[in-house]
Amino acid sequence: MTKSSKISLFLATSALFLLSANSPAFAHNELVETTPAGGETVQAGLIPITLSFSEEPLDLGFGEGNLIAIADAKTGEQFGAACAEIEGTQLTTTVDIATPGEYKILYKTASDDGHIATGDFLITVVNDTNYQTSIPGNSCVDENGTIINASDQEPLSVKASSVGALEGLFIGIGFIVLGTVVSAILITRKQKREDYKRYE
Ligand SMILES: [Cu+2]
């Protein structure tokens, strides 16, 4: 191998290494472990959620950037706001759940390389103690005691629409047809009016 081709090979290898998403310099936050684990069944009550990451999340302030939310696994309805406390490489929150069923834990985390990681996993809640709660879901209160309301946030879970994709398409076409007919009627009327004016 000539000296110049050796240099070329070295440069190409370096470029590949730098471009690789797995290179340590550009590693972003990966979810390592969760408590409860995905698929786990837990008792109703105040359920602590802990997500362990490969590195410390980037602290952007409570209720910003690093979030955990809980939603009905079937309907997608989110219960409470999305928030998490940062403790080292962990994100934690506590969710209050009484109704048995399957729930989706959703998360979002910001890492110092600027990347945002999102994901979700399912847990099952059973209620053998007749546990009751008036405000189900994640409760988010910042260090000043200010409550973060779900209505002030972009939800992590989007409630499933009751209108299917195909129904939505037909409704859309219906509106286009209706709009065209109405426009045609209005244009015809205007033209007639103008015709009358001409003969007056
Ligand atoms: Cu990254």
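These legends describe close-up views of a predicted model. Local features are described where pLDDT is at least 70, side-chain atom pairs count only at pLDDT 80 or more, and totals for chains, interfaces and linings use all residues. Residues are numbered from 1 along each chain as its sequence is written.

**View 1. Overall secondary structure of the protein.** The protein has two helices and 10 strands, where helices (H or I, at least four residues) and strands (E, at least two) are DSSP runs numbered from the N terminus. Along the sequence the order is α-β-β-β-β-β-β-β-β-β-β-α.

**View 2. Strand S8 (residues 101-110) and strand S4 (residues 67-72).** The two strands run antiparallel and are joined by six bridges; strands pair if DSSP finds at least two bridges between them. Ala69 stands opposite Leu106 in S8.

**View 3. The hairpin of S8 and S9.** S8 and strand S9 (residues 116-126) run antiparallel, with 10 bridges between them. Gly101 has Val125 in S9 as its bridge partner. Five residues lie between the strands of the hairpin, where Gly114 takes a positive phi near 90°.

**View 4. The largest nonpolar core.** A nonpolar core is a set of buried Ala, Val, Leu, Ile, Met, Phe, Trp, Tyr and Cys residues joined through C-beta atoms within 7 Å. A residue is buried if 20 or more other C-beta atoms lie within 10 Å of its own, with C-beta atoms placed from the backbone. This core has 26 residues, and Leu67, Ile68, Ala69, Cys83 and Ile105 have the most contacts inside it. S4 supplies the largest share, five residues.

Terms used: Buried ≥ 20, exposed ≤ 12 C-beta atoms within 10 Å, placed from the backbone.
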